[in-house]
Amino acid sequence: MAPSSAERRRLAPAKVNYALHVTGRRADGYHLIDSLVGFPAIGDTVTARPATEGLDLVVTGPFAETLAEAGNMAENLVLQAARALAHHAGIAPQGLHLTLEKSLPIAAGIGGGSSDATATLKLLRDLWAPALADAELARIGLALGADLPMCLNGRPARITGIGETVTTIPPLPDHTLLLVNPGTCVATPTIFKALTQRDNPPLPDLPRGGFDSLEEFVDWLGETRNDLEPPAIDTAPVIGEVLAALRQHQPIRLARMSGSGATCFAIVDNPVEAGEIATRLAAQHPTWWIRSAPATSSQGTADGT
Ligand SMILES: C[C@](O)(CO)[C@H](O)COP(=O)(O)OP(=O)(O)OC[C@H]1O[C@@H](n2ccc(N)nc2=O)[C@H](O)[C@@H]1O
Ligand SMILES: Nc1ncnc2c1ncn2[C@@H]1O[C@H](COP(=O)(O)OP(=O)(O)OP(=O)(O)O)[C@@H](O)[C@H]1O
């Protein structure tokens, strides 16, 4: 069905942490990170439609049921984002019907909830507070989650602090990401708590002007880590199985866990190779969530309106 003219829709792309170093811990317990992130062209979709009264949210899509089992609908980050923005704009959050098409796995290390909240903030800023600056939106977002500022930026970036300092980097060389989630939800606080070393070195310097080739990018990544990967594998050993399965399939350039897991990604040269690996993996592991997508999403409304 074509969207009605009053309906606004936005893609909430997955976030991938290509590298994630934990470099310290703040007095309040939050960890300092140094991370390189990107946003593949795959995600949830948030739709906003005017309603006669109230504010409500309907969740559809393949992970709607998992999300309902994971928590109370009132705590959904989409509704939290709508309320936070309305509060900031000094208006009552009313007359709005929101739909979240949940295509990304839940508690999966790919920023699903944060990206949903981001898409909501961007959609509703247009309606409720068009003059609100990006920096102010990021401040509202940070109160909802450490991943919000990077998702609001929505482009490849280096992230420091607890997630609030976002430095955009030049576009990454073309590649395809293969994402694999074994179906185990992983709670972010559990993984940070399980770290045994919290004062690791930062990321190596990024080349000025960006990476000239995929080889150069992958070589640079080879000098980096995801410090959350070992504690996540201890907590959910199936993550180790996912990485081993990805590494069995050539030609992949690099396989690593994203965020606090359990989703792992592989860097592949092109969509054809990624599709072939995905087919072979799916035959071996029919219950795993396996998707491939170009590394960069085109930001904006999901339907181009
Ligand atoms: C692991 C990452 O996804 C990497 O991008 C983020 O650092 C986590 O971002 P997030 O899921 O938006 O995290 P939040 O919802 O803000 O925090 C959940 C919990 O994770 C822990 N947490 C989160 C972020 C951070 N930099 N240090 C932490 O220690 C805290 O215990 C916090 O209570
Ligand atoms: N719209 C939403 N989508 C997913 N999870 C949500 C949403 N709203 C609230 N949550 C809650 O947030 C928690 C984290 O889910 P989410 O999918 O955002 O984790 P994640 O992918 O590990 O995020 P990150 O990579 O930012 O750490 C879940 O326990 C879930 O109940």
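1. The protein has 10 helices and 12 strands, counted as DSSP runs from the N terminus (H or I, at least four residues, for helices; E, at least two, for strands). Keep in mind that this is a predicted model, where local features need pLDDT of at least 70, side-chain atom pairs count only at pLDDT 80 or more, and totals for chains, interfaces and linings use all residues. Residues are numbered from 1 along each chain as its sequence is written, while chains are lettered from A and ligands numbered from 1 in the order in which they are written.

2. On overall dimensions, the C-alpha trace spans about 55 × 45 × 40 Å along its principal axes. The radius of gyration is 19 Å, which agrees with the value near 19 Å for a compact globule of 305 residues (taken over C-alpha atoms; the rule is 2.2 Å times the number of residues to the power 0.38).

3. Now ligand 1. Its shell holds 17 residues, and the closest are His 31, Gly 145, Ala 146, Asp 147 and Gly 259 (near means a C-beta atom, placed from the backbone, within 6 Å). Strand S2 (16-25), strand S3 (31-38) and helix H6 (188-193) each give at least two residues to this shell.

4. Where does ligand 1 lie relative to domain 1 and domain 2? Ligand 1 lies between them, because domain 1 (8-168) and domain 2 (176-294) both give residues to its shell; the bounds come from an automatic or database domain assignment.
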